[in-house]
Amino acid sequence: MNIVQLKKLSYDEVAKCNKCGFCLPSCPTYNAAGQESYSPRGRNAITRFAVEEKLPLSDDTERSIFTCLGCGACTAVCLSSVQTKDLIFQNRECQVDVGFYPKIADRLVKTLEKTRNISDDDPEDRNEWQELIKELPEGALEKDQAEVVFFVGCVASFFPMVQNIPANMARIMQKADIDFTILGGEEWCCGFPLVGTGMPEKLEEMKKHNLQKMTDVGAKTIVFTCPSCFHTWQHFYDTDLNLMHATQLMAELIQDGKIELTREQNITATYHDPCDLGRNTGVYEEPRQVIQAIPGLTYKEMPMNRKFSVCCGGGGNVEMTDPDLSAQVAQGKLDSVQAVGADTVVTACQQCVRTMTTRAKRGKIDVQVKDLTELVVEAMG
Ligand code: SF4
Ligand code: SF4
């Protein structure tokens, strides 16, 4: 996208920003970096001055525009509802056009073209997580036809720290006698990382392939454990298929008595709303219903919850472009967990689990980080 196209697309929206600064305390990157250029107001000023041709795009604007987490917390508190995240992601496309973008993105694009996953792994290893399910016959989860498809996503497929998430979700669906399949090596990245790199047009190939595979297996419902895959399918894929996040399915299964939670979990837990599941897609209550159905668990709500929840630091590809900033944001999240008196933070996202677990380990912070699927399996007994 060039500057003229950016102006056409974004000028009316960015002009709505009256520079009041109400959003500043809600922006995790501003809180971590303490600089105006890391704030929603600063980023909007950059976009406005760029399209008014008063400010050339540069290394400095790149740093500001590519360190936004895409969390959307700024819009939640903005009286003018300025869509700052969307403006920033549109600006990223323009930054790419003039060559000011983190070059690590080029490697990501090449990897996605070659292996169709973000970690450059062999596509056939997408099923590695199944080794965590005891006595599962090989190929048992891959069927030619099924109305329910479990879309696993790249991070949970290939990153050992979070491979227990798909394993646990598969156990839950098996326990509830759901006839489902996975796409295995035929599943491609949903394309979400390309939106964050400012190259959303490259998502088309991924979308076409994944939609075709769903048609081939006769899918009617797709279940996601990854909020970003779920969000991408909701917002970028044109489909009438029923899209469900795992938390929604689990809440339904508990309500219908298809899974029973009988084992007491004597923990004090809080829930972290993943940005792409909560604020960016609107799923707030089902994860809380599941957590509160767990026997023995004491629940504490953090003051900044639901649409005001603070990002874990894992969004917007910032972990890739500025890992220190991402870690600082994760530290802030863990501070909020401890402040509410919780020993466990439950979330529903493999990326949040990775970001918070890594920070807790490195900072020797005594907080357990769990995905909701893990907690449910433990409570199923
Ligand atoms: S984005 Fe909204 S809250 Fe932030 S400075 Fe602009 S108008 Fe104010
Ligand atoms: S989307 Fe999040 S990180 Fe980006 S400017 Fe808004 S509050 Fe800050």
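Predicted model: local features only at pLDDT ≥ 70, side-chain atom pairs only at ≥ 80, totals over all residues.
**Entry 1: ligand 1.** Next I turned to ligand 1, which also has 15 residues around it. Which of them come nearest? I noted Cys 17, Cys 20, Cys 23, Arg 41 and Cys 78. Helix α3 gives the largest share of this shell, with three residues. By class I counted eight nonpolar, five polar and two charged residues around ligand 1.

**Entry 2: the whole chain.** I stepped back to see the protein chain as a whole. Its secondary structure comes to 18 helices and eight strands. The radius of gyration is 21 Å, close to the 21 Å that the globule rule gives for 381 residues, so the chain is as compact as a globular protein of that length. Along the principal axes, the C-alpha atoms fill a box of roughly 65 × 45 × 35 Å. I found that 50% of the 381 residues count as buried. Among contacts with a separation of 6 or more, 76% join residues 24 or more positions apart.

**Entry 3: strand β1 and its partners.** I looked at β1 (residues 148–151) and found that strand β2 (residues 180–181) pairs with it in the parallel sense over two bridges. Here Val 148 stands opposite Phe 180. Strand β3 (residues 221–224) also pairs with β1 in the parallel sense, over four bridges. For this pair I wrote down Phe 151, which stands opposite Phe 224. A reminder to myself: in a regular strand the side chains alternate between the two faces of the sheet.

**Entry 4: Leu 203.** I picked out Leu 203, which lies in helix α11 (residues 203–217). Is Leu 203 buried or exposed? It counts as buried, because it has 20 C-beta neighbours inside 10 Å, and 20 or more is what that label needs. Leaving aside residues up to four places away in sequence, Leu 203 touches Gly 191, Leu 194, Val 195 and Phe 236. I also looked up Pro 193, which is 10 residues from Leu 203 along the chain, and their C-alpha atoms are separated by 8.9 Å.

**Entry 5: a four-stranded sheet.** I followed an open sheet of four strands in the order β6-β5-β7-β8, with parallel pairing. What stands at its edges? Strands β6 (298–299) and β8 do, each with a single partner strand, so one side of each is left without a neighbour in the sheet. The partner I checked was β7, which pairs with β8 in the parallel sense over four bridges. In this pair, Val 345 stands opposite Val 369 in β8.

**Entry 6: helix α18.** My last stop was α18, which lies across β7 and β8 and runs at about 85° to β8. The buried residues of α18 (residues 372–380) are Leu 372, Thr 373, Leu 375, Val 376, Val 377 and Ala 379. What covers them includes β7 (344–347) and β8 (368–371), along with α9 (164–175), α13 (246–255) and α14 (285–292). After α18 comes Gly 381, and I noted its positive phi, near 70°.

Methods: Residues numbered from 1 in each chain as written. Chains lettered and ligands numbered in written order. Rg over C-alpha atoms; globule rule 2.2 N^0.38 Å. Buried ≥ 20, exposed ≤ 12 C-beta atoms within 10 Å, placed from the backbone. Contact = placed C-beta atoms within 7 Å. Pairing = 2+ DSSP bridges. Near = placed C-beta within 6 Å. Nonpolar A, V, L, I, M, F, W, Y, C, P; charged D, E, K, R; others polar. Axes fitted to C-alpha atoms, helices over the stretch in contact; angles between N-to-C directions.
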